[in-house]
Amino acid sequence: MNKIFECFWGEGYQQNNRSLLEWHEEDFFTEERGYQLHDRESINALSVGQSINLSCVTGEHWIRRVE
C-alpha cells in the first residue's frame with residue numbers, strides 16, 4: 001500500500017490569492033521539487049495522522065500523512 005500525504009501550501013506559495021491543498025504519494029517529494037534529503041526522510045518516517053511543518057520565512061507549507 002502506498003503512503004498518501006495531504007500537502008498544504010499557504011502564504012508565500014499562493015496562486016491567484018488562494019492556498020493550495022493536494023494529496024500526493026511519497027514519490028512526489030523529490031529534490032527537483034525542492035525537498036532536501038532530510039525533508040524526504042522526515043516525510044517518509046511519518047505515521048498516519050502525523051504531520052511535519054516545512055514552513056520557512058518565505059512561505060507556509062505542511063504535510064500530513066493520511067494513509
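## Close-up views of a predicted model

**View 1. Asn17 in a loop between two strands.** Asn17 sits in the loop that connects strand 1 (4-9) with strand 2 (20-25), where strands (E, at least two residues) and helices (H or I, at least four residues) are DSSP runs numbered from the N terminus. This is a predicted model, in which local features need pLDDT of at least 70 and side-chain atom pairs count only at pLDDT 80 or more, while totals for chains, interfaces and linings use all residues. Residues are numbered from 1 along each chain as its sequence is written, and side-chain values use heavy atoms, with hydrogens and water left out. Most residues other than glycine have a negative phi. Asn17, although it is not a glycine, has a positive phi of about 60°. With a relative accessible area of 69%, Asn17 is exposed; the word exposed stands for over 50%, buried for under 20%, and partly exposed for values in between (1.4 Å probe, protein chains only).

View 2. Four strands form an open sheet in the order 2-1-4-3, with antiparallel pairing, and two strands are said to pair if DSSP finds at least two bridges between them. Strand 2 and strand 3 (51-53) are at the edges with a single partner strand each, so one side of each has no neighbour in the sheet. Neighbouring strands of this sheet are turned against each other by 20° on average, direction ignored; the axes behind this angle are lines fitted to C-alpha atoms, for helices over the stretch in contact, and angles run from 0 to 180 degrees between N-to-C directions. Strand 1 and strand 4 (residues 61-65) run antiparallel and are joined by five bridges, and Glu6 has Arg64 in strand 4 as its bridge partner.

**View 3. The surroundings of His61.** His61 belongs to strand 4 and is buried, with a relative accessible area of 4%. The side chain of His61 makes a polar contact of 2.8 Å with the side chain of Tyr35, and a polar atom of the His61 side chain lies 2.9 Å from the backbone oxygen of Phe8. A polar contact is a pair of N or O atoms within 3.5 Å; within protein, one must be able to donate a hydrogen and the other to accept it, and residues adjacent in sequence count only if both atoms are side-chain atoms. Not counting residues up to four places away in sequence, His61 touches several residues, including Cys7, Trp9, Tyr13 and Asn53, where contact means heavy atoms within 4.5 Å.

**View 4. The largest nonpolar core.** This core has 11 residues in all, among them Phe5, Cys7, Trp9, Tyr35 and Leu46. Its largest share, three residues, comes from strand 1. A nonpolar core is a set of buried Ala, Val, Leu, Ile, Met, Phe, Trp, Tyr and Cys residues joined through side-chain atoms within 4.5 Å. Leaving aside neighbours within four places in sequence, Leu46 is in contact with Phe5, Ser51, Ile52, Ile63 and Arg65.

**View 5. Cys7 and Cys56.** Cys7 is buried at 0% relative accessibility, whereas Cys56 is partly exposed at 43%. The closest cysteine sulfur to that of Cys7 is in Cys56, 15 Å away, which is too far for a bond. With a disulfide taken as a pair of cysteine sulfur atoms within 2.5 Å, the count comes to zero.
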